[in-house]
Every structure is written in structure tokens, then in C-alpha cells.
Amino acid sequence: MSATAVHSDHQPRPDQFGGPWGALLLTIVMPAVSFYLWSAVAQHGGSLWLPRSSAELLAMFPAPTCDAAAMFAAWLGLQALLYVYGPGRVVEGRPTEHGERAEYRINGLFAFAVSAALLVAGIAVDLVSPSAVLAQLGPLLTIATLFAVVASALSYVAGRRRAHLERSTGNAIYDFYMGAILNPRLGRHDLKFFFESRVGMATWGAFAILMPAAELQATGSLSTAMLVVSLCQLFYIVDFFVFESNLLTMIDIIEENLGFMLWFAFLVWMPFNFTLQQQYVLAAHPSLATAAAIALVVMHVAGYYVFRDSNLQKQQFRRDPSQPIWGERPVSMDTARGTKLLLSGWWGLARHSNYLGDLTMALAWCLACGFGSIVPYFYFLYFAPLLLDRERRDNAMCKRKYGADWDRYCEKVPYRIVPFVY
């Protein structure tokens with residue numbers, strides 16, 4: 001079916017990210033950017049570069065190796081075992097418009113603690129060599145990318161087979177990228193939740209352990225920059241698992257289909273690109289003064305407070321609208337749907353103050369790497385437009401959901417992310 005086909009009320013139009021042509025471009029650009037950034041650090045000392053020959057361009061795409069394949073399979077298998085058999089509670093997600101509910105096992109903190117303990121123990125007894133694992137980072141990147149492509153194709157096929165129960169456009173290129181199925185499952189287990197939480201976040205956490213360990217192995221000490229970035233990121237990752245159930249309220253889970261965009265994000269973008277700071281520190285050895293390190297940790301803590309406190313206010317209000325926020329009874333606005341919109345605390349200052357906290361933490365991690373290269377700033381440079389776009393999409397979703405009530409809410413809370421600024 002072409003992109004210009006007639007769409008029913010239940011069939012969305014292919015109009016995000018520039019439509020089918022934009023989706024095709026992103027399907028090519030996202031892997032190209034990831035391989036380029038890996039090459040910038042691993043092959044060019046952390047600097048941006050331009051290929052001078054076809055051989056240099058091809059070297060940007062490392063061939064998979066048996067060692068990397070074994071590591072990838074073992075890690076994926078460990079996360080699957082911990083997810084399925086680890087202790088934890090099972091909760092049901094929101095029902096779809098057809099009444100279906102996916103099941104989720106909330107045991108991410110246990111699984112990550114076990115994974116991290118096994119990794120640290122393996123390093124301590126010389127069973128795991130951090131430098132040997134990181135030597136396979138390029139081949140691992142290739143394997144993860146290939147896995148994402150195959151998984152996206154399988155998800156697309158699964159979505160087309162149950163198209164009458166799914167919201168997709170019918171355009172093959174667009175639906176391959178954006179996804180044609182909301183909650184693909186293996187048995188009772190939701191794959192989108194598993195790969196975002198247990199593969200994307202947990203692998204990011206594993207690299208955040210391996211990279212300082214590799215620096216310690218190579219130099220006998222930890223640099224201040226590596227210490228600040230790794231500790232702040234591990235704190236962020238552990239916090240994610242402490243509040244793992246919050247993921248079930250996020251747009252990734254409740255609204256977005258599982259296509260190449262999310263498959264690639266979980267398998268490649270998060271673990272490989274979100275650790276560019278540590279990769280850069282290993283390659284370029286930037287210095288960070290103690291005073292600057294302290295200031296950046298304070299910046300991270302401040303960002304975390306805004307991020308976490310705003311999210312907790314929203315969750316508390318949903319559970320009990322009478323609970324005080326900042327010491328006062330919360331102010332809210334009734335809607336025609338019978339639900340209330342919060343106008344107190346952070347949510348009275350901006351419609352997404354939590355994004356401001358997230359961006360503040362991201363910038364702190366990048367600043368720890370100094371100003372010798374733009375490469376370690378990729379996380380912030382990517383994350384800011386992502387959250388801006390997500391806020392716009394969330395705004396559009398709320399407009400569809402609440403109608404005129406949302407317009408009234410926006411009049412009361414005019415700022416989107418940064419109070420009194422934007």
C-alpha cells in the first residue's frame with residue numbers, strides 16, 4: 001500500500017520524521033552515525049575525521065568475530081534467564097484498544113545487581129579481561145546492528161500478520177522503521193520492555209563498569225574524568241532499575257510500535273553511543289580538575305533531583321490526588337474525560353520539567369570530558385533534540401486525548417520544558 005492510500009480513523013498517517021523518505025534516511029543514518037562515532041574514538045583518537053580512501057571508509061565497519069558473537073549471545077542469554085526466572089512481581093500493562101494486555105516482570109534491579117556482581121567478580125579473578133572485551137567493541141557493534149535489522153524484519157512480519165489488531169500505516173518502509181506491532185511477545189513476555197530495560201540499560205551499565213576497569217587495568221589508576229562519568233552514569237542506571245515500573249507509563253511502551261527505531265536504540269544506540277564519554281576518556285586521556293569534578297557532580301545531583309522529584313510528583317498525584325506537593329495540597333484541573341491534570345510542583349512550572357533534569361545530567365557527563373573534541377558531547381547533542389521532539393509528540397497525543405481541556409491546561413502552564421524560558 002502506498003503512503004498516499006486512504007487511511008481509516010484507526011490507521012495513522014506516515015507523517016513522523018519526514019514520512020517514508022525520512023524513515024528510510026534514518027534507517028541508513030542511525031547505523032552510519034554509530035559506526036562513525038565508534039571509528040572516531042577507536043581509530044582516530046577521539047577526533048572527527050573524513051575518509052581519504054575507500055579502504056579507510058570500509059575500516060569503519062568492523063567484521064564480526066566469533067569472540068564477539070559468543071559475548072553477545074552469553075550476555076543476551078544471561079539477561080533472558082534473569083528476566084524469566086529471577087524473583088520479581090508480574091504486572092499487566094495498559095489495555096490496547098482491542099483489550100489486549102502485555103505482561104511485564106519487574107525484577108530489573110535484581111537482574112542488574114546479579115549481572116554487575118558477576119562482571120566485577122569475573123574481572124577480580126581474571127576470568128574477564130576488560131581490555132579484551134573492549135577490543136571486541138567494534139565487532140560487537142556490527143553484531144548488534146545486524147541483530148537489530150533481523151529483529152526489525154521479524155517484528156514487521158509479525159505486525160502485518162495481525163494488522164487488524166495493530167496501528168500501522170501500511171507503508172512498508174515507514175512501518176519497518178516505526179514498527180508495525182505495539183507489544184510483540186515471546187510466550188507471555190513482552191519483547192519491547194525486555195530489550196529496552198534488560199538489554200539497552202543493562203548493557204550500558206556493563207560498559208560503564210568495563211571501561212573504568214579497562215583504564216585501571218592499563219594505567220593502574222582511575223582518572224578523575226572516568227570516575228565522574230562512570231559513577232554518575234551508574235547512579236543513573238541503578239536509579240532506572242529502582243523505578244523500573246515507571247517505564248510502563250512512558251511513551252516508548254504505551255504508544256510507540258517496536259520497529260527499527262526502537263530495536264536499534266535498545267541494541268546499539270544506548271549501549272554504544274551513550275558510553276562515548278568513557279570511550280573518549282580511554283582514548284584521549286583528558287584531565288579534569290578536582291574543583292571542576294565537584295561542580296559537575298553537584299550539577300548531576302541537581303539535575304537528578306529535578307528529574308526524579310518531578311516524576312515522583314506525577315506518580316504520587318495519580319495514586320492519591322490529595323497528597324501534598326511541596327507542602328501544599330495540589331492544584332489540579334478537571335477534564336471531560338473524568339481525569340485531572342496536575343498544576344502544582346514541577347508540573348505547574350513546566351509541562352516537562354523532568355526533561356530539564358535529564359538534560360542537565362547529560363550535559364554534566366559530557367563536560368567531564370573537557371573541550372578537546374565534540375565526540376563525547378554527542379549524547380547531549382542527540383538527547384536535546386530527541387526530548388524536544390518527544391515533548392512535541394507527547395503534546396500532540398495529549399491534544400488528541402483531552403481536546404479543548406488540553407488547550408486550557410497549556411494556557412495555565414505555558415512553558416514546555418524550561419520554566420520561564422521555554
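I'll start at the surface: Trp21, Leu24, Leu25, Ile28, Val29 and Ile173 form a nonpolar patch there, with about 610 Å² of accessible area together. A patch takes residues with over 30% relative accessible area and no salt bridge, and nonpolar side chains (Val, Leu, Ile, Met, Phe, Trp, Tyr) are joined within 5 Å. Areas are Shrake-Rupley values with a 1.4 Å probe, and for residues only the protein chains shown count as cover. A salt bridge is a Lys or Arg side-chain nitrogen within 4 Å of an Asp or Glu carboxyl oxygen.

This is a predicted model; local features need pLDDT of at least 70, side-chain atom pairs count only at pLDDT 80 or more, and totals for chains, interfaces and linings use all residues. Residues are numbered from 1 along each chain as its sequence is written, and side-chain values use heavy atoms, without hydrogens and water.

Helix 1, residues 19-42, gives the most to the patch, with five residues. Helices here are DSSP runs of H or I, at least four residues, numbered from the N terminus. Trp21 sits in helix 1 and counts as exposed because its relative accessibility is 70%; the cut-off for exposed is over 50%, and for buried under 20%.

The unreviewed UniProt entry annotates residues 21-41 as one of its transmembrane regions; such annotations may be inferred rather than shown by experiment. That stretch is 100% helix, with end C-alpha atoms 30 Å apart.

Next, helix 4, residues 108-124. Which of its residues are buried? They are Gly108, Ala111, Phe112, Ser115, Ala116, Leu119, Gly122 and Ile123. Seen down the axis, they fall within an arc of 130 degrees, so they line one face of helix 4; the arc uses directions from the axis to the C-beta atoms.

Note on methods
Patch = residues over 30% accessible without salt bridge, like charges linked within 9 Å, V, L, I, M, F, W, Y side chains within 5 Å. Helix = DSSP H or I, 4+ residues; strand = E, 2+ residues; numbered from the N terminus. Buried < 20%, exposed > 50% of the residue type's maximum accessible area, 1.4 Å probe, protein only.
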